[in-house]
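The following note concerns the aromatic side chains and their surroundings.

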Amino acid sequence: SLHVRTAQRGAEGRRARLLPEKMEAFRWIERNTEANARLIAYEDGLLYLYTGRQGSRPIAISPAWFYSDNTRALENDMAHLMDTARLIGARYWLSSADDFGIDPNQNLISQRTTELKRALPALFRSRNNGVEIIDVSCTVHLDDSECKGARTVLFPYLNAEIVR
């Protein structure tokens with residue numbers, strides 16, 4: 001559709017402008033993380049190519065909300081944004097301003113990522129704040145004293161103990 005093509009062209013421009021900041025983050029990762037560190041990153045392929053670190057996209061957003069025009073499906077997906085980090089044992093989240101670039105409802109996605117970033121410590125911010133590296137180790141160590149306060153933000157759908 002015309003809307004998708006227009007969004008893709010805009011995303012390409014944002015990606016090009018952010019590349020120098022991503023390169024800063026890749027250098028930080030190479031210098032400050034273990035060789036076997038795992039990350040969540042929207043562009044997990046670039047992460048691996050530039051750093052040799054393993055990563056996975058944080059989430060594949062279901063198209064259900066798009067076809068039904070029901071934002072509850074997207075809200076449900078956003079509640080699970082940290083599940084992949086927990087399941088792969090990620091320590092870091094490489095977050096860029098162009099993540100989720102052509103996904104609609106940027107407000108809802110932005111609200112959720114901002115909420116998560118307030119609950120987790122930032123380890124690195126690029127020169128123009130377009131790229132961040134966030135410590136997501138609390139997704140794996142929920143019972144640690146410094147992580148208990150973040151639990152409801154990280155996994156809002158959980159009321160009981162996480163099954164490991």
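**Aromatic contacts**

1. Tyr 157 is partly exposed, with a relative accessibility of 31%. The model is a predicted one, and the remarks below should be read accordingly.

2. Five aromatic pairs are present in the structure. In one of them, Trp 28 and Phe 124, the ring centres lie 6.1 Å apart and the planes meet at 35°. Since planes under 30 degrees apart would count as stacked and those over 60 as edge-to-face, this pair is classed as tilted.

3. The partners in that pair belong to separate elements: Trp 28 is in helix H1 (residues 2-32), whereas Phe 124 is in strand S4 (residues 122-125). The contact therefore ties together parts that are 96 residues apart in sequence.

4. Trp 28 is buried at 18% relative accessibility, and Phe 124 is buried at 12%.

5. A further aromatic pair joins Phe 155 and Tyr 157, with 6.3 Å between the centres and 80° between the planes, an edge-to-face arrangement.

6. Arg 57 is positioned over the face of Tyr 42, 3.9 Å from the ring centre. Lys 117 is positioned over the face of Trp 93, at 5.5 Å from the ring centre.

Technical notes:
Residues are numbered from 1 along each chain as its sequence is written. This is a predicted model: local features need pLDDT of at least 70, side-chain atom pairs count only at pLDDT 80 or more; totals for chains, interfaces and linings use all residues. Side-chain values use heavy atoms; hydrogens and water are left out. Rings of Phe, Tyr and Trp (its six-membered ring) pair if their centres lie within 6.5 Å; planes under 30 degrees apart count as stacked, over 60 as edge-to-face and the rest as tilted. Helices (H or I, at least four residues) and strands (E, at least two) are DSSP runs, numbered from the N terminus. Buried means under 20% relative accessible area, exposed over 50%, partly exposed in between (1.4 Å probe, protein chains only). A charge sits over a ring if NZ of Lys or CZ of Arg is within 6 Å of the ring centre and within 35 degrees of the ring normal.
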